[in-house]
Amino acid sequence: MDLTPYVDNLRQELAVAADAGGDDARALAERLTAPLESATRLTLLNALSAAMGEVTRELAPGSVDVRLRGLDPEFVVTAPPAPEPVREEREPVAVPAPPLPPADADDGAMARINFRLPAHLKARAEEAATAEGLSVNAWLVRAVSTALDGGQRAAPTGRGKPSGGRSFTGWVR
């Protein structure tokens, strides 16, 4: 924004007022013109800054800043972020989980992996397996199966489960 027309207008108004006062007033007006030009620019800049402050409050979260480029102020507008388009929320369609194979099903396909646990987790896994009457391997298979099948836990089989208060552990030849 160019302030020169406003400053020139003030200079003309001062000259007209000085003409009414005679030669001494005209000479005084000419001496005051240069210092008044700076004061006028500063006053106009302050008024513009205050006005843009009010605009910014109304525009929030956007803003309007007044910056000085050379002798002239410049407005920098930061638009508020565009509102996100309204999306219709639809209820998620429940996809049925694939049926769980029976816990005792043995399709003959086995895979061996090396699984390294931190010592504190290994101890907890062993305790949990013992509490359920399972080997650590069987307990881990059940835990992985439960985790992959969305938290559904297969019904425990009779294997490894104490029956009638008696349990057997070990190898048979």
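Guide: The expected span of a helix is 1.5 Å times one less than its number of residues. In this predicted model, α3 has 13 residues and covers 18 Å from its first C-alpha to its last, close to the 18 Å expected. Just after α3, glycine 133 has a positive phi of about 70 degrees.

Visitor: How are two packed helices described?

Guide: By the angle between their axes and the distance between the axes. Here helix α1 (residues 4-19) packs on helix α2 (residues 23-59) at about 150 degrees, with the axes 9 Å apart. Angles over 145 degrees count as roughly antiparallel, so α1 is roughly antiparallel to α2. The crossing of α1 and α2 is right-handed.

Visitor: Which residues of α1 and α2 meet?

Guide: Among them are Tyr6, Leu10 and Leu14 in α1, and Ala29, Leu36 and Leu44 in α2. The residues of this contact divide into nine nonpolar, three polar and five charged.

Visitor: Where is confidence lowest and where highest among the helices and strands?

Guide: Where pLDDT is low, the predicted coordinates should not be read in detail. The chain has a mean pLDDT of 76, and 75% of its residues reach 70 or more. Confidence is lowest in strand β1 (residues 63-69), at a mean of 80, and highest in helix α3 (residues 119-131), at 90. Over residues 158-163 pLDDT stays under 50.

Methods. Residues numbered from 1 in each chain as written. Predicted model: local features only at pLDDT ≥ 70, side-chain atom pairs only at ≥ 80, totals over all residues. Heavy atoms only, no water. pLDDT = per-residue confidence, 0-100. Helix = DSSP H or I, 4+ residues; strand = E, 2+ residues; numbered from the N terminus. Contact = heavy atoms within 4.5 Å. Axes fitted to C-alpha atoms, helices over the stretch in contact; angles between N-to-C directions. Parallel < 35°, antiparallel > 145°, perpendicular 65-115°, else oblique. Left-handed = near helix turned anticlockwise from the far one by under 90°. Nonpolar A, V, L, I, M, F, W, Y, C, P; charged D, E, K, R; others polar.
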